[in-house]
Amino acid sequence: MTESPWEILHLDLAGGVAEVARRDHGLFLVLWWGALPLGAKALLPAETPLGRDQLLALASPWVADQAWARARGPGAAPRAGFDGQPHHDLSLGDAARLPVLERLAQAAGRSGQGADRLAVIVCTRGRPGMLEACLASLAAQDAPPVQVVVVDNDPAASARAVAADRPGVTYVHEPRPGLSIARNAGLAAAHAEFVAFTDDDVELHPAWTGELVRAFDTSGADAVTGLVLPASLATPAQRAFELHLGGFTSRFTPLLFDPGFLEETREAGPQVWRIGAGANMAFRRASLAGLGGFDERLGAGAAGCSEDSEFWYRILAAGGRCLYEPRAVVFHHHRRDWRGLRRQYRAYMQGHVAALVAQADRYGAPGDLRRIRRQLPVYFARTALGAIQTLDGWRLRLLAAEVIGWTAGLQYLFRPGWRRRPGVAPGSRPVADIGAAQHA
Amino acid sequence: MGYRLVELDLAKPPAAIGLEPGQSGVGLLARWRGRPAGFAMIPRPDGRGMSAAEVSALAEARFAHAVLTLRAAAELDALWGEPGPVAPTSLTIAVCTKDRAARLARLLASLAALDRSGFCSVEVLVVDNAPSDDATRRAVAGVAGVRYVLEPRAGLDFARNAALRAATGDYLAYLDDDVVVDGGYLRALAAAIAARPDAGGFTGLVLPFRLDTEAQVRFESRGGFGRGFRPTEFRQDRFGNRLHPVGAGILGAGCNMCFDRRLLLELGGFDEALDTGAPLPGGGDLDIFYRVLRSGRPMVYEPGYAVFHEHRETLEQLRRQYWTWGLGFMAYLAKCRRTDPELAGRQRAIVWWWGLDRLAAVARAALRGRRTELGFAWAELAGGLQGMFGEYDRSRARSRVIREGVA
């Protein structure tokens, strides 16, 4: 894992036969069909070149998946099961008759939607250079959003110089540390029907805003998430995160998470983190009324992360629906060095445990605590055995960071004060009400 | 104890599947437009058959996506237009056999029924390997268009090399005598060769010929020779598999493989110290897959290029087969270590990986109290241990004696 930087190649197959020439470095190949991302594959130098027939073999299962997932029309998606995998519902009759490429062509058209009902919130902390690139990609959107809110979470206000004087940008300085606090400050400053969040280490696909609005309009969902592709795979740590650990989201077909997804998973623990990533998420403002914003005990700067997935949990528990729509694409700059990646994984695990505790306190589903006690230790053991078998030292070191994060996360179980502290703003609906409404 | 083997045409409404007394499950081979699209082993321990609705639900859950994928490939193929015309090639099919005239006749009959239009010529060679009588010669004499070659030196790879010397085709396909070819065997091989003239070799799907005994059912349920229903290409490296190409078993099986004949000649043919029959019956296919990939030529797995293999009949035979897998794999690795030091790291890592994997299989079977499984897992591990300690050198010495003894 010490080779030269990898190349990321985006290839659109809608234009006809394509080929990939021989490379002498690794290649992350992303196939598209017009506006539709089909799938991605990592290729070693020896696995290139790719001719017509290799691309056909690579693309056909992805094309079939798209035709199936998008056969029910715009805005409708297969339902997610408890593990974040779609419920299988392709009938043999449909498999035999579905016009595959016709469906693909229908789904591959660009969004014609404007984004004048969408506000974009970027929370940033001490990374003005990256924020600059992020804001440039926002300015280059095919459908410009009505408002861009930059929440500067740096006490030294390092983003002010980059963001404050940009046209169309609302600059908010929120010196109290914590990503949840910053995101809530952004929510308060955003005035639009839809609000989208992204991070300062992200660059946006030009169609991003238009695709988000289209996804809301066609699906009626309360939250939309999208695909996070790597912006670069220059270092071994970046490649490990994207290619071996799965990155943020790597599914290319849409998926609907509805209250049934929570119901199915009370025992096993709902895998709400599969809904998406905080770097690419949006909400219908009206659906947030009464939910009280992001839990300020969670997220970077507090427990570590999972403030996004805990929020989706509340949306689902209140009877809402979240749509994962991979046509809305962002590009994320992964951590460049191993230390950064290990810190990230430690924070992920600590935040994950904290969110599980918070969810268990709020809704009392047994699966969440069982995940802390049982599923995670089993996952650690399995990962360790696998890494020993494949002699992957980097995975063991990363696992150590995860175990440390998990151990640190256990504190929240034993801190009654933390568990009683209201993590969300007052005025949010009491838990009992939500449960009652859902079962009524 | 056995399973009923049923073919299912996915384009037609499924019918109920009845079981005969003694049958305890169904092996279901699904086809789409004649092409194998999926295979499922369905235990029915109570001996009841499957209603049409049950078959339909199962087919939907297991095979619907495969059908859609095949159709997506066909639509893309049509959209992108035919690739340029390819000069048709000639093929030699070599069947290496030893004292199994009845099975050989069965295979030759299945070959005679094929449509040969994908190749400009197809010749069939039967290599009679150190026969104890003339039954094979007589079985071949009755079949038109089959050439008989005698290889007196005992050992499968002596026989394969004899076929290589006698063959005239551009491509040389090998079949074991315990298989029967599928109706699409030649058509799919011709299409694969036309699509990938740069490939050095091809492997294909191996399905069960029958599932009448406990051993056959167990073997197939443990994965059999199955390598799946998606075309796959292999080159010198494979992302996500750092042990590739040393773990050459994922490419396919020696009972159904085909090579560019000139490449095989350049590589010097098969290693006669592997696949020597009783003392070391295995490893030759892994060795040739590895050497083809290391020559820089890709290999292609094509599921339509399919055969049906008669699995071992008794549990004792099956246990011995797992033993030979361990033995052959480690003997092959010993050879790799000696001849290809460039990949020494991967060769060492796979010994570690394989040892832990098989140890885990032994532990699992022991913890669950599954005696038969334990026997299989242990046999493979024991074979591997024996192979690790000098079996390749012993086999080389033996094969030298055989070579000189007859020459």
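Tutor: Asp99(B) sits in the loop of chain B between strand S4 (90-97) and helix H2 (101-112); helices (H or I, at least four residues) and strands (E, at least two) are DSSP runs, numbered from the N terminus. Before going on, keep in mind that this is a predicted model, where local features need pLDDT of at least 70 and side-chain atom pairs count only at pLDDT 80 or more, while totals for chains, interfaces and linings use all residues; side-chain values use heavy atoms, with hydrogens and water left out. Residues are numbered from 1 along each chain as its sequence is written, and chains are lettered from A and ligands numbered from 1 in the order in which they are written.

Now, back to the loop. Asp99(B) has a phi near 55 degrees, a positive value in a residue other than glycine. Most residues other than glycine have a negative phi, and most peptide bonds are trans. At 33% relative accessibility, Asp99(B) counts as partly exposed (buried is under 20% relative accessible area, exposed is over 50%, and partly exposed is in between, using a 1.4 Å probe and protein chains only).

Leu391(A) is not a glycine, yet its phi is positive at about 55 degrees. Leu391(A) is in the loop between H13 and helix H14 (393-413) of chain A, and with a relative accessible area of 47% it is partly exposed.

One joins Thr48(A) and Pro49(A), with omega about 0 degrees, and Pro49(A) belongs to the loop between strand S3 (36-43) and helix H1 (52-69) of chain A. Another runs from His244(B) to Pro245(B), again with omega near 0 degrees; here Pro245(B) lies in the loop between strand S10 (232-234) and strand S11 (256-260) of chain B.

Next, the inside. A nonpolar core here is a set of buried Ala, Val, Leu, Ile, Met, Phe, Trp, Tyr and Cys residues joined through side-chain atoms within 4.5 Å. The largest one has 56 residues, and Leu13(A), Leu29(A), Leu31(A), Trp33(A), Val63(A), Leu10(B) and Leu28(B) touch the most other members. Helix H1 (residues 52-80) of chain B gives the largest share of this core, 11 residues. A second, separate core of 55 residues includes Tyr174(B), Met257(B), Leu333(B) and Cys336(B).

Val100(A), part of helix H3 (residues 100-107) of chain A, is buried at 0% relative accessibility. Apart from neighbours within four places in sequence, Val100(A) is in contact with Val63(A), Ala67(A), Leu68(B), Arg71(B), Ala72(B) and Glu75(B), where contact means heavy atoms within 4.5 Å. Thr198(A), in strand S7 (residues 194-199) of chain A, is likewise buried, with a relative accessible area of 0%. Beyond four places away in sequence, Thr198(A) touches residues including Val120(A), Cys134(A), Trp208(A) and Gly278(A).

Trp208(A) takes us to helix H7 (residues 208-219) of chain A. Its 12 residues should span 16 Å at 1.5 Å a residue, and the end C-alpha atoms are 16 Å apart, which agrees; the expected span is 1.5 Å times one less than the number of residues. H7(A) is mostly covered, with 10 of its 12 residues buried, among them Trp208(A), Glu211(A), Arg214(A) and Phe216(A). After H7(A) comes Gly220(A), whose phi is positive, near 70 degrees.

Last stop: a helix pair. Helix H12 (residues 338-363) and helix H13 (residues 366-389), both of chain A, pack at an angle of about 155 degrees with their axes 8 Å apart; axes are lines fitted to C-alpha atoms, for helices over the stretch in contact, and angles run from 0 to 180 degrees between N-to-C directions. That makes H12(A) roughly antiparallel to H13(A) (under 35 degrees counts as roughly parallel, over 145 as roughly antiparallel, 65 to 115 as roughly perpendicular and the rest as oblique). The contact includes Met349(A) and Leu356(A) of H12(A), and Asp368(A) and Phe380(A) of H13(A). Its residues divide into 10 nonpolar, 2 polar and 2 charged, where Ala, Val, Leu, Ile, Met, Phe, Trp, Tyr, Cys and Pro count as nonpolar, Asp, Glu, Lys and Arg as charged, and the others, Gly among them, as polar.
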